[in-house]
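Q: I'm new to this one. Can you put the structure up and walk me through what holds its inside together?

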Amino acid sequence: MPTKSVPKATLQRYPIYLKALRKLKNSGVTRIMSKELSEYVAIESTTIRRDFSFLGALGKQGYGYDVDRLIEIFNEQLGMGFDEKIILVGAGNLGKALMNYNRWNHVVGEIVCAFDIRPESVGKTPIPVYHVDEMKDKIPEGCRIAILCVSSNVQDAADRLIECGITGIVDFSHEHFQVPKGVLVKPIDVVSTIQELVFETNNMKK
């Protein structure tokens, strides 16, 4: 377990490391130096060593890091038990695209079912889609994470999720809503991300 508070920027890099380490393992790599990993993920080796230090003494000088051990630790820290049951609320165009993609299995889990308020959306995808009124009965036992893709009645949808025990929400709604203490919300704003990228690429030209 981390021995001290992990900065947000470091947490955002951990999934990058894990994805790279899995690819390296599949390529037959069993041990790697921070400099080699740096070239693979385009992150400074000093940053990698600092990021890893939050998880304890993971490597040995002159030996590097054991790839299997790193994967095991990141799996533990990032909740990568491969069996996280994720639900989705809002089976419109975006929701359907996420359900059709649904390639999080063997990474973090998978979307197991969805909910929508529109009768025409119910039961029409490879993943079961139920009416929101059935949420309490249909939500999988132990489910903690939900993806929110609704464009209206967002607060009501969030309230329903929290009542069902959801403690983490990935939010595509772009609407403000309130959650009680102990519930985490991660907004996904594609427009803001593009704006940041435009700004950064413009600065690169100067």
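A: A term to start with: rings of Phe, Tyr and Trp (its six-membered ring) pair if their centres lie within 6.5 Å; planes under 30 degrees apart count as stacked, over 60 as edge-to-face and the rest as tilted. This is a predicted model, where local features need pLDDT of at least 70, side-chain atom pairs count only at pLDDT 80 or more, and totals for chains, interfaces and linings use all residues. Residues are numbered from 1 along each chain as its sequence is written, and side-chain values use heavy atoms, with hydrogens and water left out.

Q: OK, how many aromatic pairs does the structure hold?
A: There are 7 aromatic pairs.

Q: What kind of pair do Y17 and F52 make?
A: The ring centres of Y17 and F52 are 5.2 Å apart and the planes sit at 85°, so this pair is edge-to-face. Y17 is in helix 1 and F52 in helix 3, so the pair ties together parts 35 residues apart in sequence. Helices here are DSSP runs of H or I, at least four residues, numbered from the N terminus.

Q: Are those two buried or exposed?
A: Y17 and F52 are both buried, meaning under 20% relative accessible area with a 1.4 Å probe, protein chains only.

Q: Which residues do ring pairs link into a cluster?
A: The cluster consists of Y14, Y17, F52, Y65 and F74.

Q: Switching topic, what does Y17 touch?
A: Leaving out residues up to four places away in sequence, Y17 touches L37, V41, I43, T47, I48, D51, F52 and F74. Contact means heavy atoms within 4.5 Å.

Terms used
Helix = DSSP H or I, 4+ residues; strand = E, 2+ residues; numbered from the N terminus. Buried < 20%, exposed > 50% of the residue type's maximum accessible area, 1.4 Å probe, protein only.
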